[in-house]
Every structure is written in structure tokens, then in C-alpha cells.
Amino acid sequence: MRTNELIEMLSTNIEPTDHGRLKRGLGLAAALGTGAALCVALLSLGVRPDLHNHGVLGFLFLKVAFGAGIVVLAGWLLTKVARPGGETRARPWVAATPFLGVMLLAAFSLASAPSSHWDRMLVGHMWLECLVSIPIIGVLPFAVLVWAVRRFAAPTDLVRTGALVGMAAGGISAIGYALNCMDDSVPFVALWYGGTIAFCTLAGALLGPRLLRW
Amino acid sequence: MIASETELRSLMRASLDGDAAAYRAVLDRLSLYLRAYYRGKLHRAGRSPSEAEDLVQDTLIAIHTRRHTYDVDQPFTPWAQAIARYKLIDHLRRTRTAMSNVPIEDAGDLEAQDDHAGVESTYDLDRLLAKLPEKMRRAIRFVKLDGLSVAEAASRTGMSESAIKVSVHRGLKALASAISQGRGR
């Protein structure tokens, strides 16, 4: 095939392009992924039974806000990195700010508590459940986001894009898991939520080059 | 002759609004840039320059099917360059083992046809089209190769106009993926 024939073919009868397609596609995928993760979390784990207790709603809000903040940040960076050459316009350290923020809060919280409580605050009751649930609930939103990136985007840095997809999926999953999680301490959120979302980010970075090729 | 950023950017903006002549100009200019870029890079990677034209076409199709990812508020050249570079790396990675024993004389043979206006790739459009479902093939033939309007193509095939548009769009995507998986030869 001659290149000028190809150009002729591609440019004949072109349609106006929809500028918002990439953002809308990724936004839709994030919404679908969130819906799926909430369904999985509610069906498998349910909502914690002690919602009426004093202070519980505050901690639930903190966990959901941590997850949502991560999703919004990762999604925002993703709309940049998912475009060709976008990796030069997004600073990767920005993605670390919610983790650093929650670690700082955890440090304050630990500093203001007697050291005999530290063990209970950090490890909690259900650390293993948290460690297992967040990556598992994250599988569905991860798959939906990978599909959307393949369909609507064109990333040229697949490691970074994969990492952000993993981070967003981890954040979505944390929102779902938070509805059930009964461990109410900031150090627990920093360690187990932060740690598992970081793990999802790493997994995404490793899978990105395989899954996101176009 | 490499066009300036300002010129390319305004042409690309017009293209995204549906200006076919502007789009042709963009692709024409990019093909010159891409050909020079890939020949140089392939040569330095110790590869045959005959692969360059496949890469040029592969990249033009990628630019076409992903053109909505260009953010009109950003410079155009880095966007196009990023795709060119991505397609080069992808190509080198994909063909690493398969092409490692290309005889040197083949490279010389094919280099001789380089300077013609209509440089050819090893892709065979008819064979690529033959692999598409009937609807997509007819839609692409009428609208993209014969230059019929969408309305004319719709009345000839008995399909609706939106079905024609969808078939053209999906057909080009299918062609692009067939090419980038090396099934078009």
C-alpha cells in the first residue's frame, strides 16, 4: 500500500472529532468501576453494624475521603498521562501526596497516644481482611479502567499509566471496603489502606506494559 | 520541508473540526517527518530501512484512530512525536527476535526505492480489507476509497447513515489493529 493512498483514505470524508471523548470515557469507567466495587463489597462484606455508635461516621467519612481523594487525584493525572506525550506534563510525586498526608496524620495520632496503645492502633482487628479485600475488590474497577484506557486513550508511558490505573482501582476498592471496616484509627488507615493501595499501584505498573499496548 | 508548530497546530485544529483538506495536509507533512525519523532510527538500531514505511503507515493510522487524544490547548508536535516514538519502541520490541537475522543486502535493495513520491509499505490493503466483515468493508470502500458521501453510501448499501459512520470507524480500527499485529502482509 502506498503512503499517499493511505493518507487519501484516512482523510476522505472525515467526521468532526469529539474533544471530550477521552475524559468522558475514563470518567464513565471510573463510575462503572465504583458501582461494581460497591456491589461486590456490599454483597460479600456488607455494611458495618455499628454505624449508630458515637464517632463511627467520622471515621467512615475519613476512610471514604481518603479513597475518594486518591481516585480523584489518580484520575486527574490519568487524563494527562493517557494522552501521547502526557507523561512529560504530569509530575509523578503529586500522586504520593495523599499517602504522605495520611501518614502525617497517623504520626500526630500516634504521638498523642500512649505508646502502649500503638500496637492496637496500627494492627487493629482486621488487618488481614483489609489486606486481602482491597486488592480483590479492586480487580473489577481495574479491569473496567484498563478497558477504557485501551479504548479511549493512547498512553505512551505504559508503566506510569498502569500505575495510575492501579492506584485509582485501589482507591475505588478502599471506598467499598471502608463501608465494612471496623478498625477506627488513623494509623490503621495509613498503614493498611495506604499499603494495599500502594500495592495496587505497583501491580498496575507491572501489568501496564502488557495490558495497555495499542 | 518540515512544517512549523504553529502551522501544524492550526491545521490539526481544523482537521479535528472535520476539515478534510487540512487533515490531508497534516498527514502529508507528518509522513515526511515520520519517514526521515524512522529511517534514521532504524538505521541506528541496525535494522533494515525497509521497515520504515510500514512504521510510517502504522503511525499514521494510529494518529488517525487516536486523534481525539490530542488536547487542542497543548502543542501538537510533542503529541505527534510521542506517538512516533511509542510506535518505534513497540515495533523494535515486537520484532526483536523475528528480524534479528535480516541479510544486509536486502536493506540495500529496498533503500533504492526510497525517494519516490508514493512510497510503499509491505501492507496489502486488499488483503487487509478482505479480512473485515462485509459491512465494514463496503462502508470503507464507498466512503474512504471511492469518496462517496455518507448519504450516498447509505442509499447504495441500504444501511442507515449512522450505521455507515459506525462501520467506517470500526473498520479503520480493525485495520489498524490488523496492521499493528503484523497481519497485513
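**Figure 1. Residues 59-78 of chain A form a span that is 100% helix and 0% strand.** The end C-alpha atoms of this span lie 28 Å apart. Helices here are DSSP runs of H or I with at least four residues, strands are runs of E with at least two, and both are numbered from the N terminus. A word on what you are looking at: this is a predicted model, in which local features need pLDDT of at least 70 and side-chain atom pairs count only at pLDDT 80 or more, while totals for chains, interfaces and linings use all residues. Residues are numbered from 1 along each chain as its sequence is written, and chains are lettered from A and ligands numbered from 1 in the order in which they are written. UniProt, in an unreviewed entry, places the feature "transmembrane region" at residues 59-78 of chain A, and also at 26-47, 90-111, 131-149, 161-179 and 191-212. UniProt positions are given in the numbering used here, feature names are shortened, and annotations may be inferred rather than shown by experiment. One of these spans, residues 90-111 of chain A, is 68% helix and 0% strand, with its end C-alpha atoms 34 Å apart.

**Figure 2. Chain A is built from nine helices and zero strands.** Read from the N terminus on, its elements run α-α-α-α-α-α-α-α-α. Taken along the principal axes, the C-alpha atoms of chain A fill a box of roughly 75 × 35 × 25 Å.

**Figure 3. Here α2(A) packs with helix α3 (residues 56-81) of chain A.** The angle between them is about 150°, and their axes are 10 Å apart. Axes are lines fitted to C-alpha atoms, for helices over the stretch in contact, and angles run from 0 to 180 degrees between N-to-C directions. The angle therefore makes α2(A) roughly antiparallel to α3(A). Angles under 35 degrees count as roughly parallel, over 145 as roughly antiparallel, 65 to 115 as roughly perpendicular and the rest as oblique. The crossing is right-handed; that word applies if the near helix is turned clockwise from the far one by less than a right angle, and left-handed applies if anticlockwise. Look for A:L22, A:K23, A:L26 and A:A30 in α2(A), which meet A:V71, A:G75, A:L78 and A:T79 in α3(A). Residues are in contact if their C-beta atoms, placed from the backbone, lie within 7 Å. By class, the residues of this contact divide into five nonpolar, two polar and one charged. Ala, Val, Leu, Ile, Met, Phe, Trp, Tyr, Cys and Pro count as nonpolar, Asp, Glu, Lys and Arg as charged, and the others, Gly among them, as polar.

**Figure 4. Helix α6 (residues 127-137) of chain A crosses helix α9 (residues 186-211) of chain A at roughly 30°.** Their axes come within 9 Å. This angle is why α6(A) is roughly parallel to α9(A). The crossing is right-handed. From α6(A) you can find A:W127, A:C130, A:L131, A:I134 and A:P135, and they meet A:W192, A:Y193, A:T196, A:I197, A:F199 and A:C200 in α9(A). The residues of this contact comprise 10 nonpolar, one polar and no charged.

**Figure 5. Chain A meets chain B, with 26 residues of chain A in contact with 43 residues of chain B.** On the chain A side, α1 (3-11) and α2 (21-44) each supply at least two residues. The largest share of that side, seven residues, comes from α1(A). By class, the side of chain A that touches chain B has 11 nonpolar, nine polar and six charged residues.

**Figure 6. In chain B, helix α1 (residues 5-16) packs with helix α2 (residues 20-44) at an angle of about 135°.** Their axes are 8 Å apart. The angle therefore makes α1(B) oblique to α2(B). The crossing is left-handed. B:L8, B:L11, B:M12, B:A14 and B:S15 of α1(B) make the contact with B:A22, B:Y23, B:A25, B:V26 and B:R29 of α2(B). Among the residues of this contact, eight are nonpolar, one is polar and one is charged.

**Figure 7. Chain B is assigned domain 1 (1-121) and domain 2 (123-185).** Such bounds come from an automatic or database domain assignment. The contact takes eight residues from domain 1 of chain B and seven residues from domain 2 of chain B. The domain 1 side of it has two nonpolar, four polar and two charged residues. For residues 40-96 of chain B, UniProt lists "domain: RNA polymerase sigma-70 region" in an unreviewed entry. That span is 68% helix and 0% strand, and its end C-alpha atoms are 18 Å apart.

How values were computed
Contact = placed C-beta atoms within 7 Å.
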